[in-house]
Amino acid sequence: MPQRTESAAAAARCIKQFAHYTRWSFCESQYTFRLADKRETRAYIDSQELRLTKRFLNGLVVVVRMVIGKIASAGALAQEFHGAAAKDLKRRLRFSAALLALTPMAILTAANASADAPGSADAPPAQTAPAQGAPKNTVPSKDAPPIEVPPQPAPVPANDANAPADAVEPQATGNDGERVEKVVVTATRRETVLQKTPVAITVVGEKTLKAAQVENIEDLVSVVPSLQVTNNGNPTGYTARIRGVGTQGDNPGLEAAVGTFIDGVYRNRASVAMGDLGELERVEVLRGPQGTLFGRNTSAGILSIITKKPSLTDDAFQAEATVGSFDQLIGKGMANFVLAEDEFALRFFGTRHEQEGYIDVNPGRPDAYDGNSKRYYNLKGQALWQATPNAELRIIVDYADRQDDCCSAATVFPGSFGRAPTVTFPDTSGPAIINAIESPLTGKSITNQVDAQVAFGNRPTNSDTEDKGVSGELNWNLAGAKLTTITAMRNWQSSYGQDPDFSGADIVYIPGDGSNFNEFETFTHETRITGEAGWVNWLFGVYYADEDLTRNSVIRFGTEQETFFSLHRVGDSAASFRGALNAFYAHDVGIPVFTGNLGDDDHYEQNAENFAIFTHNVFHLDEAVDLIAGLRWTTETKTFDAVYRTAGNGGCDSVEAQYGLDPVSHVGADFGAASTQARIASLACLPYARTALDVLTATTPHHQERTEDEFSGVATLAWEMAANLNSYATYSRGHKAGGFNLDRAFSDAQGSIISPVIYDGVVPPVQTVRAPDTSFAAEFVDAFEVGLKASFDDSFFVNTAVFYQEFENFQLNTFTGISFIVTSVPEVISQGVEVETFWATPIKGLTTNFAAQYTDAHYGDVGALTEPGSFLARNPGLFLLDNEAQLTHAPEWTLTGAIDYSTPFIETFTARVHLDARWQSEMNTGSNLDPRKVQDAFAVVGLKVGVYGEGEWIGLEFFARNLFDERYINTAIDSPFQGSAVSPTSAATSTVDAFLGEPRMIGATLRIKH
């Protein structure tokens, strides 16, 4: 140990030896100082603080320059499609908007900092109480905690020791006088106690999120009964649903019915928000349409995800390592640095996740591998500056890179005959023909493989997703009001490959070489100001968003597509397809019907500009009754450009040469829709083999525009019936923007885009191609809700809501087995009852929660096939969506529950057990509601057992997800080309494949922190 001395120089050397000024406390414990020496040493430490602060600011300048350089580079690249002048103007307008938003913030912050500066260096620290005239609590007085400052939580468990009051969940330690902690939420933009918040909302705090192993939005379904998250067939094709309602499919032109906000920043699609969420503080799930509290309006609900921000009081370090099933390896680390106590701090977080796949692909073949593997890393840096006691600025920079192998599909139903069987081919179903082509190897299962989790594929299903962004949030308590502004720029891009025939045969594929991709570039800004004036608690806000969407859609013919079609649909010979085309359409037998590795290459660009003004106000009618009124006006303009290119379609070229650019209908007019000629023409001229759209966009992109100006809002009457009993009744009007279908379309509401309709194959007329209208209407919802929230001795909470929601122009995206079709369903109804309970049992350390939801989400008045002009008459392929048919992925019953128990263990250690479960009744997992796609009722159970040191300086956990290894369907589809889907006039012959849920995952996690 060093000798004791009074030399400040020795202390300085001690500090330098440890290379960080924050080691002062250690050095002080080793030396004795005179007061003058302490002052000298403190001056040295202050100089080090200044040095590090300058270093940080210099680094920040470098980062800003890099960002500006990247923006300039991106602008230069984007000019290639729209033209230099227009794109440069757009970039300048966006940058100007950012400056206009940020400049007043900087000026006001500097002014307030100057006004709040203490009079001298020896003055006492400034107090954090509201300034004179400012509202002491933005919550209506009857909703506020008994004191006027934010409520202080009761002692919380060790693993939540640093959680703020608004992150605290119901906790208890039994019959020793402690009760369930009052949960404070901020989703209403006012700190309100959950039990007195007149909104249907589920709040999940840090403890539950950790216990349930929640790392992404998909994991939330174990703790939120109203939420469903499903994958639609590629690594980024996710759909989130609340109360049975969501936006089906992975078409990026469709916006999400359930909006996702991460630290106040809107993520424009569910897939964009599907990465690792990092350090979660809490998640707030608002059910029903939203539009007067958050920047972006939604029609079904909102997921508001709040992550931990830097601590201004203590340095902190945390690391964890996880090992699990399927070679799962996860590493996470966090570091919090306080550069100026109570003023400035940095926080860094990173994670690395690797896991082999759980789908057995191509078993017994030389190209066998494990499908659905995961590999990603995520980095996040934050800076928090308490500029004055009343002004706080938070900057977040994040980057994520994800490289998955997804998604393999297993056979659910093998399908039936493609053509009439023969002696040579007694079974002409898709799997049977594939196996014949691949013989002696197996190309596809002919039995249900959901339990075995076996799939087949011959093309890569790799993906590469990059997500990055920067955001700034200013919270400023002004005289009588609170100002919040959030500005963000984000870029998300994902390229992926897929084997959409889900077999070992090379029929069709999406290349994984980066040519098939989606990219979103988004700028958003939101400003809100809240305050209280007498008996009114008010909120006003504005929101602006500019979104650029770029999509390259590439589909390639496989080298065995012609062979498969010949054997599956035409005859016993691999050349039978070519022979039929020669007989009917004079096709040259030397030219392939489909040339392998060629196909379509379509390019889409869409811009969406959104501006909204909204207000949300609470009027205190008396001590027990509040009237809440909110209104939103939204204007949105979308522009769409597309270019289509097709190659390698020799068979369709021959048909089009005789019957024009709408060959199938013209052949059907001559020979009948059920004729062999029409059947051969439809096989050769699939949507991605036709050339009409190539003709349309040969010189000029297909361009469309649409503008919407809509009002939405909410009206709520809240009644505090007693101190422990609160009720509310709500009407809300929701709105989700319309858009464009980013897929090929050869007809629209006006019919075929080809003119003239009659085509004479002998004397072909000159044909013209009209640009199709690929737009779809905005979605609206009228929602009614009645809620009751009760508490009993602060140890038992019960929250109940009864709801009725009626959707108009519900946006449905359906996969036909060939392409995605977006249709607007006239009416959808979602109605039901929700119950949530929290109980701090009399047993010390034991708490429980239970939730039940009954949802009747069904199609309303859609007409009938025999009703001219009705929805079903215009969309006969969706005939199963008749009146009262239950929506896809909408189980009637969903039950969730969890039990937590903690007890002292070996002196200063604590043992905890967490058990959670989710059960749901049967549901149809197909967008067309084919009864073969029904998933029976099932339950998924999770278990975690852990031991933790005092203050959680160390923790060891053992966990199991899907404890009983339940095997279930996530989403079922008609496998492309392998038969026909069910229709009003014929039974289904298609093979049904499915993307599966994750099997049992077990593992262990070691955590340490300081």
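What follows is a chat about a predicted model of a protein.

Q: How many residues does the protein have, and what share counts as buried?
A: There are 1010 residues, and 57% of them count as buried. Keep in mind that this is a predicted model.

Q: OK, what's the average pLDDT then?
A: The average is 84, and 80% of the residues score at least 70.

Q: And where does pLDDT stay under 50?
A: One such stretch is residues 70-178, for which the model has 161 contacts beyond four places in sequence. Another is residues 31-35, with 17 contacts of that kind.

Q: What share of the contacts with a separation of 6 or more comes from residues 24 or more positions apart?
A: That's 70% in this protein.

Q: Let's go inside. How many residues are in the largest nonpolar core, and which have the most contacts there?
A: That core has 44 residues. Those with the most contacts inside it are Ile-217, Leu-227, Val-229, Phe-810, Val-825, Tyr-859 and Leu-887. There's also another core lying apart from it, with 31 residues, including Ile-680, Ala-681, Ala-684 and Leu-686.

Q: Back to Val-825: what does it touch, leaving out residues up to four places away in sequence?
A: Val-825 touches Glu-808, Asn-809, Phe-810, Leu-812, Tyr-859, Val-862 and Phe-871.

Q: Switching to strands. How do E11 and E12 pair?
A: They're antiparallel, with 9 bridges between E11 (residues 316-324) and E12 (residues 328-340). Gly-324 sits opposite Gln-328 in E12. The two strands form a hairpin with 3 residues between them, and Phe-326 there takes a positive phi near 55°.

Q: And what about E12 with E13, how many bridges?
A: 11 bridges join E12 to E13 (residues 344-355), again running antiparallel. Phe-337 has Leu-346 in E13 as its bridge partner. E12 and E13 also make a hairpin with 3 residues between them, and Asp-342 in the turn has a positive phi of about 65°.

Q: What's the partner of Arg-296?
A: Glu-636, with 3.3 Å from N to O. Glu-636 is in strand E26 (residues 625-643), and Arg-296 is in the loop between strand E9 (280-287) and strand E10 (301-307), 340 residues apart.

Q: Why does Glu-636 count as buried?
A: Because its relative accessibility is 4%, and buried means under 20%. Arg-296 is buried as well, with a relative accessible area of 5%.

Q: What does Arg-1007 form a salt bridge with?
A: Glu-957, where the closest N and O atoms are 2.4 Å apart. Arg-1007 is in strand E47 (residues 1001-1009) and Glu-957 is in strand E44 (residues 954-961), 50 residues apart. Arg-1007 and Glu-957 are both buried.

Q: Which residues are linked in a network of salt bridges?
A: Arg-243, Arg-287, Glu-785, Glu-834 and Glu-836.

Q: Helices now. How many residues of H7 are buried?
A: 8 of the 10 residues in H7 (residues 561-570). The buried ones include Phe-564, Phe-565, Leu-567 and Arg-569. Their cover includes helix H6 (430-438), strand E24 (536-557), helix H8 (576-585) and helix H11 (676-684).

Q: Last one: where is Gly-713 found?
A: In strand E27 (residues 702-722). Gly-713 is buried, with a relative accessible area of 14%. Beyond four places in sequence, Gly-713 touches Thr-292, Gly-630, Leu-631, Tyr-731, Ser-732 and Arg-733. The C-alpha atoms of Gly-713 and His-735 are separated by 9.3 Å.

Definitions and conventions
Residues numbered from 1 in each chain as written. Predicted model: local features only at pLDDT ≥ 70, side-chain atom pairs only at ≥ 80, totals over all residues. Heavy atoms only, no water. Core = buried A, V, L, I, M, F, W, Y, C linked by side-chain atoms within 4.5 Å. Buried < 20%, exposed > 50% of the residue type's maximum accessible area, 1.4 Å probe, protein only. Contact = heavy atoms within 4.5 Å. pLDDT = per-residue confidence, 0-100. Pairing = 2+ DSSP bridges. Helix = DSSP H or I, 4+ residues; strand = E, 2+ residues; numbered from the N terminus. Salt bridge = Lys/Arg side-chain N within 4 Å of Asp/Glu carboxyl O.
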